[in-house]
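Dear colleague,

I am handing over a structure for your study. Please look through it first, and then read the notes that follow.

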Amino acid sequence: MAICVAVIDKDSAPLLIECALSSSNADERKAEQLRLHFFVHCALDIVDEKLNPAASSLTSATRSTELRELYLGALIANEDYKAFGYATNTRVKFVLVVGAGNNVFKDQDVRAIFKRLHSAYCDAIANPFHAPGEFLASRALIDTARDVLVKS
Amino acid sequence: MSAVELLLPERLSQTAESLGSADNLAKSSVKITWCGSQRAFEICCAPLKSAFVESTVPWRKKGNQFPTHISLPLTFVPFDSQLLISTQPAHADRNKLDCALCHLYFIDCLDVEEYRSSVRSDVVEWFASMRDAGCADWLIIVDSSRARDNKTRAPLIERLKSDFAKYLAKLIEIESGSAGSVKMPALIRSLKEMLVFALDSLIVSCEDALQADKERFKELDWDFLSYVKSQLALSDLYRSLGLRDQVLAQCDEIEALLSVLISDFGLREEKPKWLQKMLKTDSMRCPSVLRRMRNGKEEEKEAEMSLLDFRLMLLSSQLVALLDLYSARSRAQPSANTSRSLHIYFCGLILQYTHKCLTSITDELASLQIQWDRPERNCWTALFSLEVFHLCKALCDPAQVDSAKAYTCRLWIEMCKAVNDLGDTCGLVPGTNRSEEQRLVTNKLTNWLDASADAAEDKTDDALPAAKLRHLLGSQEAFGHLMQKMHESAMAVLKHFSWKRHARLLGNQLANFLVKSDRLEGALPYYSKLLNSLAKEGWSTAYVQALESVVTHFDAQPDVYAKELIDYAACLAVDSSSAELRRTSADKFIRLVAVKHSGASIRLEHRRVPANPFVVLPKLVVEPVVAIPDQPIDCRLTLISRFPIDIEHVRLRLCWRSHSASTTQLKDRLTQRRTTLPRFDCGHEAEAARFSCVTGVNRLLAPRASDAVVVQECPGVFVVQTENESTIAPGENNLVLRGRADEVGGYYPDHLDVIIGSITFVVDIESDLRALPFRVRTEPPSVAFAPLVDEPLGGVAQSFSLDICSGTDAIEESSKLTIRGVEGSALIEFETENVWSNQLVVDMPPLKPREKHSLKVNLCCLLESLVDGNAFKAKLKVDWLDRSWTFDYLFNPIIYLKATSSLLEDKVLLEVEVIRSHGEGTVNPIEATLLESHDSSESPSVPSKLMNADLDPIVPNSRHNLVWFLSRPHKANANPAAPREYRLELRYTVGDSGSKREYRYCDRLLLYEEKADYELCCQISSQQPQAVLCRADTPCDLVVSLRSLRFERTVETVLISLDADASLWIIEDRQKLLPVKESGLGQVAFSIVPKAVGYLPYPSIALRKCQQKLAGEKLEEFGGQMRCFVRTQGKQVHVLSPLPKTTAELKKGASHLIHSK
């Protein structure tokens, strides 16, 4: 099961973070939420690295392949979580966090989840009343994110 | 000096080369058995070994396209039938890799007799063993040197050939000299060929067996460890052959297979036996990778091992293979540049392999739910990372390996986390008391390290990381020192690789450790950095939650973190999830802002995180919308306070910014902040074939108040503020701010300063409000002049409105305003107290600023002479205070006139048609006179006789004719061609008959009295026989008779042309030529058809000259019009209705209708 879904704008500010917290105690939930937020926040280091590879470290062919691919693959893992990344052409990032021992997710499953989130995000920002850069309050997007957390 | 260097010696004596050297590797070589003559073997052994060591052999592995060169280090062992590679089923389970590849029998006989008596039986027995095992890899080597000396070589060789007649190729003769030299090229060649063949067969056989074994992986009783051992044995063979790449590939293959198997079986309930055995033990026998690398073969002999041990054993095998490869390549490429790149490359590979191992262990611990003892795990992680860095340091600094930065960073992070957890678990935080339980845990870990690695006694560098770690577990001070150094080193590396967020999070971890160590002053900068980072990137939830846990630490240094304390208190008072914390933070905020700070006031500028506690609703009202300089301005706004309590003594200051910045300072700031930054970043990336348009979100939202500090002091900015200190209650607050603007310009609200004691919150204004229209401007005196009706009329008095405004400046003295018509346009008369003049002068009193003055102006635009019905333009000019205004208006004539004259012999009639077209109201003619103008010396003019003296009112949209009878000139010397001038005067009133205002229209008429050339007379008669009257639709004849009125009659041809309304008459031929005879008479008939019934007017007739064609001239159709008098002009003819159709015609018509349908 996915634990956290985050939509991050091009300036690395969160637009939406939905977490599936396992604890029942309020303090523990808070601590777990903070851990997840920090984990997603730190995962952006790897996202930035993948989106802005050093010129010397990649050949032009590799770079163009990297740029064309929106799915960034596995980002980072620790003993509790592992994160997958996806970045749109406008540098909006999606991060999916699953448990460290979760081997259910295959690559194609994660890609499908990201495509679904991307589509919901596009619908959300098509709302003319949405100001770019503001937190996403789209009910449809939030429902999609929660659906990913529950069903995946 | 980094933390790793603290733990490691300055000089790494145990280098990677030593770990990967041949001595450290399993001794493996190609095994060959020998049998027979000891002397001959001893003569051949050394030369054979050296010959194979010095040269390589080309070998093409099955499935490979190209051969590889392998080395064949030989080992000779005495013959044993157990070393035969058997093809027999009874010997199939024997490990082929332990068998010998080739078997040699040495014969050293003096003659045939000796051979027969002592050797033959032995060699036959040896040969039988070969034959029984199905082995073909054997050679019989005959040293014939002694027989040659005895001259018995030939019979001996012959006898051998006869005994082994079928295997002559396997009989190799060598010659050894007296000094121990030996000539055996044939032996070497044959042995190489045989070994390559045997090796090929062996490897193919082994790989097939391994493949077959691997395919049983789904069986629950399949032994994975046995398979791995076979793989590793094969890899040893590869290593002995010098195929180091192949060795590493074998290890990788095992690692990949293990990952796949665990991923597959981990999810199943029923697990294979080998996995169950691995999961039974949840500990690690030896945590040291370096130790395992050295003692790898001993590990492999273990019958059972845990998954963790297996992973580490596999990693050690990979690292050994890697270092072996490195050693071989570094020997092959000794140059400095190549060596450096080789170091970096292999360092990256080591980091990659170790990272993979760490990740796999972490994943498998989680997925298989292995409960590994937490302190042991942390201890292992720390030791593992230290050892990896130790190993890497032998090659190069891992921070230089860009290609492996992710692995390096991950190892640093894991190591720091493990060490930090160890500190907590073992009570190693300086200044804290260690509990008995913590001591026990520490002792257990120390013993684990000691027992597994023998670190205390081992003098090699491999043991140093373990020994150092063991030492640290016993000392709080050393641990504290290490902890800080390690985190600082880790943060430096992470920052070097641009993992800044991870670095800040490690800083937070270090700060927590420092707080626990009672070193708060060192911790606060790390907390502050993390919070600033979260705030900068807009992570509000994480910011607030992190703040809640650390905010109390900042109270220790209120002077250093004064601004932060206020900011944090405000943030928690607004956004904390705990109501209690919100209230206490609000109280704290009130206390903090009441403190007078020594420095300048603190400004908390707008940013997304933490959110501003104040919000301005988009309901800002400003009065007046257009102000003049120095005029009081009121702004009413609604401020929302998100504080849970009332905030007293608040002053508000709303800064307005000019649309057109006038100061250099403001321009510079605007240039930096807005102008140069595009709203969108668009670009085409050719390599990706992609065009992207990225929104600059921050620029759109423009959190711009950060430049307010400077801007509000600029001349282009003015401020409105509260007059007194206010109390801001939670929720909405309606406030009024007042101020004055000095400079002219358009302004928009920029930001609101909420000043509470020593702190100022800069509240951004909604972008919608920036479109609020507000201007400060100066207005000059203005004049507006407009008619009171939509369409002013000429020829009648009209009322206009004159609106005068003084502008924004007072007019302190009286002035005169003049209105007049502009020369060249229509004449206009103005009324002043019932007196009409061509200009109007108005005396203006002194006026206050913005004072308006209006008055009504009556004017009359005079009608043009014999105007047509179109509107005519009149231009007015107003002069006031040395300024001029010009106004253009279109006047529609209330009446217009058309004059025609009729002459016949001595009589002249002048007909003036008065057309009432525009506007409403009746025009009442009072008198119409026509006087002939002439010199005043002569007798006074006599008015012409008006034929219709009774003048009727002319209602709108009607015409009225005035007809004068004019007398003919009676003077003998008067020129008949000269025009006669008349003066027409029409007096009239407009509107009701009781209207007192009388208008007079005067005009001059020039009348030409030329005699007519011909008199025309027309008559219409029906073409029907015996018919008198015309009928509609029946052709008629129009007979035109002409009579010349000239005194001298001439013969000429004239053109008679007809014209008529097409709805009344159809004229077949419109023109006809008419020759005038000498008598001056002529007549012509036209065929016309009346189309209407009743009295129809005669068609109009015109007379034209008929041009004569001259040679070379183009003949125009008509000549000039001739003057004529039409006697029947105005006459009408009575047209009857058409005759009824006959019955036959009706039937014909009906039939036609039916057919047409």
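Helices and strands are here DSSP runs, numbered from the N terminus. The model is a predicted one.

Asp1013(B) sits in the loop that links strand S39 (998-1007) to strand S40 (1014-1022) of chain B. Is Asp1013(B) buried or exposed? Its relative accessibility is 14%, and therefore Asp1013(B) counts as buried, the cut-off being under 20%. Leaving aside residues up to four places away in sequence, Asp1013(B) touches Arg1043(B), Ser1044(B), Leu1045(B), Arg1046(B), Met1122(B) and Arg1123(B).

The second topic is the interface of chain A and chain B. The two chains bury about 3900 Å² between them, and carbon and sulfur atoms give 55% of this area. Within chain A, the residues that lose the most area to chain B are His41(A), Asp45(A) and Glu79(A), which together make up 18% of what that side buries. To the contact, chain A brings 43 residues and chain B brings 44 residues.

Five salt bridges are found across this interface. In one salt bridge, the side chain of Asp48(A) meets that of Arg501(B) at 3.0 Å, N to O. There are also 15 residue pairs in polar contact across the interface.

Which elements of chain A give two or more residues to the side that touches chain B? They are strand S2 (14-19), helix H1 (26-51), helix H2 (60-68) and strand S3 (71-77). H1(A) gives the most, with 14 residues. By type, the residues on this side of chain A comprise 17 nonpolar, 12 polar and 14 charged.

Yours sincerely

Key: Residues numbered from 1 in each chain as written. Chains lettered and ligands numbered in written order. Predicted model: local features only at pLDDT ≥ 70, side-chain atom pairs only at ≥ 80, totals over all residues. Heavy atoms only, no water. Contact = heavy atoms within 4.5 Å. Buried area = accessible area lost by both parts, 1.4 Å probe. Salt bridge = Lys/Arg side-chain N within 4 Å of Asp/Glu carboxyl O. Polar contact = N/O pair within 3.5 Å; in protein donor to acceptor, adjacent residues only side chain to side chain. Helix = DSSP H or I, 4+ residues; strand = E, 2+ residues; numbered from the N terminus. Nonpolar A, V, L, I, M, F, W, Y, C, P; charged D, E, K, R; others polar. Buried < 20%, exposed > 50% of the residue type's maximum accessible area, 1.4 Å probe, protein only.
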